[in-house]
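This report describes pockets and helix packing in one protein model. Please have the sequence and the coordinates at hand while reading.

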Amino acid sequence: MLKYVAKRLWETIPTTIGILLLTFVLFNVVGGSPAQVVLGKNATAEAVAAFNHKWGYDKPLIIGIRDQGAGIRGWWDSQFFNFVGGLCKGDFGYSIENQEPVVEVLKRGVGPSLSLTVPILIGGVIVALMLALLAAAMRGGWVDKAVLVFSAVLMSVNYVIWVLAGQFFLSYKAGFFPVWGYENAFYLALPVLIGIFSSLGTDVRFFRTAILDEVYKPYVLTARAKGLSVWTIMTRHVLRNALIPIVTYVSLSIPYLFTGSLLLESFFGIPGLGSVSINAIHSADMAVVRAIVVLGALLYQFVNLSTDILYAVLDPRVRIGR
């Protein structure tokens, strides 16, 4: 196990370097001059030069050149190495829009985003698993067909429709929930319900398929021959063996817990990282956008590594080793 974990960690090094290099190229080369993005195309040459010198954009892109007159210390004194060095120190740059370090901007947004996305993920997985188990246990019957029709309807309606319908009927007309704001936990009730409800269609269909792949296998027939009840077989045996594809499916959603829900945060006025990202894009605050992109990509690597290790814990048929 330790050898496997060490190998997987080692394999993440070139991927991480590639992510950092690609992100740097996209934001510092392909994206054009940061000075023109912030100051505008009509900025004077003096203003552009002062901006570039202040934020280090006048240094070489990848490899520095030893030139004491230009203030460059060596080959490592370049924009890319300064960018990587700052990340290693927890320095994600400076937000020009907010006039503070990017870390402080991210800290304010992480809490609201997690308070919204974590209940959506946990609640959605639990409800979807219950419906999928119910449909699989009564496959072919009217309950199974009703669940399939319900899932198809949810998948056919656009996500924005559920948001607008929830705000109009449950908030504006009925007055059950507040429409806008983030004053307490009650303000999260409606967006969490909408997030869970809108994701059920895809989740139930996938979970049901994964469970049905196990239902017809020999060990299920053996469990039935021993006289075990249907729900004992479904929960203790079938569900455990179906967790491999389910864990893989759920793990793909975990990075979004950090980056937040763009639509829900925008429609309900929740100051999470989704709203931070949109505001940063509108105000051309590339330091914030770049930090969120880098953190999201690195989080994907961590989740993939954790998922691979979790396979062996969940399913004894999986052997990590030789």
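## Residue classes

In the class counts below, Ala, Val, Leu, Ile, Met, Phe, Trp, Tyr, Cys and Pro are taken as nonpolar, Asp, Glu, Lys and Arg as charged, and the others, Gly among them, as polar. By that scheme the lining of the second largest pocket holds 12 nonpolar, eight polar and one charged residues. The model is predicted.

## Second largest pocket

Two or more lining residues come from each of α5 (102–137), α8 (189–215), α11 (243–251), α12 (255–259) and α13 (262–268).

## Largest pocket

The largest pocket has a volume of about 700 Å³. It is lined by 29 residues, of which W55, Y57, G93, Y94 and R290 are the closest to its centre. The elements contributing two or more residues to this lining are α1 (2–30), α2 (34–39), α3 (45–55), α4 (79–88) and α15 (286–314).

Which helix supplies the largest share of the lining of the largest pocket? That helix is α4, with six residues. By class, the lining of the largest pocket comprises 16 nonpolar, seven polar and six charged residues.

## Packing of α6 on α8

Helix α6 (residues 142–156) packs against α8, with the axes coming within 8 Å and crossing at roughly 130 degrees. The crossing of α6 past α8 is left-handed.

On the α6 side the contact involves D144, V147, L148, F150, S151, A152, L154 and M155, while α8 provides F197, L200, G201, T202, V204, R205 and R208. The residues of this α6 and α8 contact divide into nine nonpolar, three polar and three charged.

How do the axes of α5 and α10 cross, and at what angle? They come within 11 Å and cross at roughly 120 degrees, so α5 is oblique to α10. In passing α10, α5 makes a right-handed crossing. L129, L133, L134, A136 and A137 of α5 meet V230, W231, M234 and L239 of α10. The contact of α5 with α10 contains nine nonpolar residues, no polar and no charged ones.

Helix α9 (residues 218–225) also packs with helix α10 (residues 230–241), at an angle of about 165 degrees and with the axes 11 Å apart. Because angles over 145 degrees count as roughly antiparallel, α9 is roughly antiparallel to α10. The crossing of α9 past α10 is right-handed. Y219, V220, A223 and R224 of α9 make the contact with I233, H237, V238 and N241 of α10. By class, the contact of α9 with α10 has five nonpolar, two polar and one charged residues.

Notes: Residues are numbered from 1 along each chain as its sequence is written. This is a predicted model: local features need pLDDT of at least 70, side-chain atom pairs count only at pLDDT 80 or more; totals for chains, interfaces and linings use all residues. Side-chain values use heavy atoms; hydrogens and water are left out. Axes are lines fitted to C-alpha atoms, for helices over the stretch in contact, and angles run from 0 to 180 degrees between N-to-C directions. Helices (H or I, at least four residues) and strands (E, at least two) are DSSP runs, numbered from the N terminus. Angles under 35 degrees count as roughly parallel, over 145 as roughly antiparallel, 65 to 115 as roughly perpendicular and the rest as oblique. A crossing is left-handed if the near helix is turned anticlockwise from the far one by less than a right angle, and right-handed if clockwise. Contact means heavy atoms within 4.5 Å. On a 1 Å grid over the protein atoms alone, a cavity is a set of points where a 1.4 Å probe fits but cannot get out, and a pocket is an open set with protein on both sides within 12 Å along at least five of seven lines; lining residues have an atom within 4 Å of a point. Grid points are joined across faces, edges and corners, and a volume is the space filled by probe spheres set on the points.
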